[in-house]
Amino acid sequence: MASSKHSFRFGLSEILLIVFILFSGIMLAFHSGGFVVNFRSVGFTVLSSVQKGAAAVANGVTGTFNAVHELSRLREENRELTEKLKNYEILQRANTDIRKENERLKEQLDFSASYQEKNYPALIIGRNPDSLYSSFTINKGSRHGIRKNMPVLAVQNGLTGLVGKVVAVGAGTSLVMPIYDSKCTVSARIQKTRDIGLVTGDGNSDSTLNMSYIKKRVLDELQIGDLVVTSGEGGNYAGDIPIGSISEIKPLDYDSSLSIKVMPVIDFSRIEMVIVSEIVQK
């Protein structure tokens, strides 16, 4: 009995048919858009991730650049403000000095307006402190109307006080002997009791003045702080110019007079301007 075997083999035509069918299916899928959508989705995901990373890097670089620029701007602004503050402080100091100078000048003008005769405001331009002879030089002389023995006054804190007198005169400068000079003697009066004595100095601008020849009998009438003024006698000074106030009263066992210390009205360590005057009070 003859048997027949059947075997199925792929021939070239079958293989080509299969390839053609697969190719046709792929092309149909592309044409219908199924694969395209998937590829676009994948591509968009990848691209967006790259874009996010690039944007983050760009933002970081931009932020750093802006921060550096802002820091530089703030430093420059700080420097300008610091400079303006320094200038403002300088102006404030200048304004303060101007105000003080105006106040001093106003005091001098107010003083000048209260007297009938001529007054010659002057600046102290030199000092000669000495234990035996203390003096200072002013910037007014004979060509300005200054004469020897003219009284010299000053105004401080609204108070007028005796400074001394002119002892030498040049063409453009004069020498003033202050009341604290050991050779200066002023006829003075205690304003409250009207008792007269002599006021002298010891050559030291920081020391009190000495008043002598006030009798012990008026001790009970005197008080610390009583004003001492010029008496107007002796021809050198007009009367009632303030000299100082009593700071100490001491009876002397060996004398009929009192030892009286007088604190000057004028602080000689701070005096800058004076007034040389021929004064007769109104």
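**View 1. Six strands close into a barrel in the order S6-S7-S8-S11-S10-S9.** The strands pair in an antiparallel way. Two strands count as paired if DSSP finds at least two bridges between them. Strands are DSSP runs of E with at least two residues, and helices are runs of H or I with at least four, numbered from the N terminus. On average, neighbouring strands of this sheet are turned by 40 degrees against each other, direction ignored. Axes for such angles are lines fitted to C-alpha atoms. The model is predicted: local features need pLDDT of at least 70, side-chain atom pairs count only at pLDDT 80 or more, and totals for chains, interfaces and linings use all residues. Residues are numbered from 1 along each chain as its sequence is written, and side-chain values use heavy atoms, with hydrogens and water left out.

**View 2. Strand S9 meets strand S10.** S9 covers residues 227-230 and S10 covers residues 242-251. Three bridges join these antiparallel strands. Valine 228 stands opposite glycine 244 in S10.

**View 3. The structure holds one aromatic pair.** The ring centres of tyrosine 180 and phenylalanine 268 lie 4.8 Å apart, with the planes at 80 degrees, so the pair is edge-to-face. Rings of Phe, Tyr and Trp (its six-membered ring) pair if their centres lie within 6.5 Å, and planes over 60 degrees apart count as edge-to-face. Tyrosine 180 sits in the loop between strands S5 (174-178) and S6 (185-190). Phenylalanine 268 sits in the loop between strands S11 (257-264) and S12 (273-277). The two residues are 88 residues apart. Both tyrosine 180 and phenylalanine 268 are buried (under 20% relative accessible area, 1.4 Å probe, protein chains only).

Notes:
Phe/Tyr/Trp six-rings, centres within 6.5 Å; stacked < 30°, edge-to-face > 60°. Buried < 20%, exposed > 50% of the residue type's maximum accessible area, 1.4 Å probe, protein only. Axes fitted to C-alpha atoms, helices over the stretch in contact; angles between N-to-C directions.
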